[in-house]
Amino acid sequence: MSLEFLVAVAIAVLTAGGVYLSLRGRTFQVVLGLTLLSYAVNLFLFAAGRLTVDRPPLYAAGAAYADPLPQALVLTAIVITFGMTALVVTLSLRSFLESGSDQVDGIADPHDGEDRG
């Protein structure tokens with residue numbers, strides 16, 4: 001198996017898990033889904049950037065150098081993801097405190113708390 005295939009499978013698994021969790025009814029699962037989607041985007045940006053090994057990070061005369069753009073994009077994406085996750089967690093906590101339910105629509109589940117045995 002090639003490394004490209006493993007990276008593509010990792011991106012696909014993270015994307016599938018993120019979409020599945022984002023479509024769930026509870027806010028914590030939605031937050032986890034959004035986080036998994038952001039990890040998938042970060043991996044995609046790294047893979048699309050054609051990262052190189054053993055090359056200088058800065059331009060040197062006559063030498064090939066590593067492209068700093070993918071690293072800068074991923075670093076920016078990490079910072080944006082952290083802020084987005086903090087905002088979504090704050091909004092979900094506020095929604096839970098006001099409605100008493102962690103459902104996305106704010107309506108309590110009638111079967112919540114029952115023993116489903």
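Biologist: Why does Leu43 count as partly exposed?

Modeller: In this predicted model, Leu43 has a relative accessibility of 31%. Buried would require under 20%, and exposed over 50%; the value for Leu43 falls in between, so the residue counts as partly exposed.

Biologist: Where does Leu43 lie, and which residues does Leu43 contact beyond its neighbours within four places in sequence?

Modeller: Leu43 is part of helix α2. Leaving aside neighbours within four places in sequence, Leu43 is in contact with Ala10, Ile11 and Leu14.

Biologist: What makes α1 and α2 roughly antiparallel to each other?

Modeller: Helix α1, residues 3–22, packs against helix α2, residues 27–48, at an angle of about 155°. Angles over 145 degrees count as roughly antiparallel, and the two helices therefore belong to that class. Their axes are 7 Å apart, and the crossing is left-handed.

Biologist: How many nonpolar, polar and charged residues does the contact of α1 with α2 have?

Modeller: The contact has 16 nonpolar residues, 6 polar residues and no charged residues.

Biologist: How do you know that the span of helix α3 agrees with its number of residues?

Modeller: Helix α3 covers residues 69–99, which is 31 residues. At 1.5 Å a residue, the helix should span 45 Å; the end C-alpha atoms are 44 Å apart, and the two values therefore agree. After α3 comes Gly100, whose phi is positive, near 80°.

Biologist: Which residues of α3 are buried, and what do they pack against?

Modeller: Pro70, Val74, Ala77, Thr81 and Ser92 are buried in α3. To be called buried, a residue must have under 20% relative accessible area. The buried residues of α3 pack against α2.

Biologist: What is the secondary structure of the whole protein, and what part of the protein is buried?

Modeller: The protein has 3 helices and 0 strands, in the pattern α-α-α along the sequence. Of its 117 residues, 18% are buried. Among contacts between residues at least 6 apart in sequence, 51% join residues at least 24 apart.

How values were computed. Residues are numbered from 1 along each chain as its sequence is written. This is a predicted model: local features need pLDDT of at least 70, side-chain atom pairs count only at pLDDT 80 or more; totals for chains, interfaces and linings use all residues. Side-chain values use heavy atoms; hydrogens and water are left out. Axes are lines fitted to C-alpha atoms, for helices over the stretch in contact, and angles run from 0 to 180 degrees between N-to-C directions. Helices (H or I, at least four residues) and strands (E, at least two) are DSSP runs, numbered from the N terminus. Angles under 35 degrees count as roughly parallel, over 145 as roughly antiparallel, 65 to 115 as roughly perpendicular and the rest as oblique. A crossing is left-handed if the near helix is turned anticlockwise from the far one by less than a right angle, and right-handed if clockwise. Ala, Val, Leu, Ile, Met, Phe, Trp, Tyr, Cys and Pro count as nonpolar, Asp, Glu, Lys and Arg as charged, and the others, Gly among them, as polar. The expected span of a helix is 1.5 Å times one less than its number of residues. Buried means under 20% relative accessible area, exposed over 50%, partly exposed in between (1.4 Å probe, protein chains only). Contact means heavy atoms within 4.5 Å.
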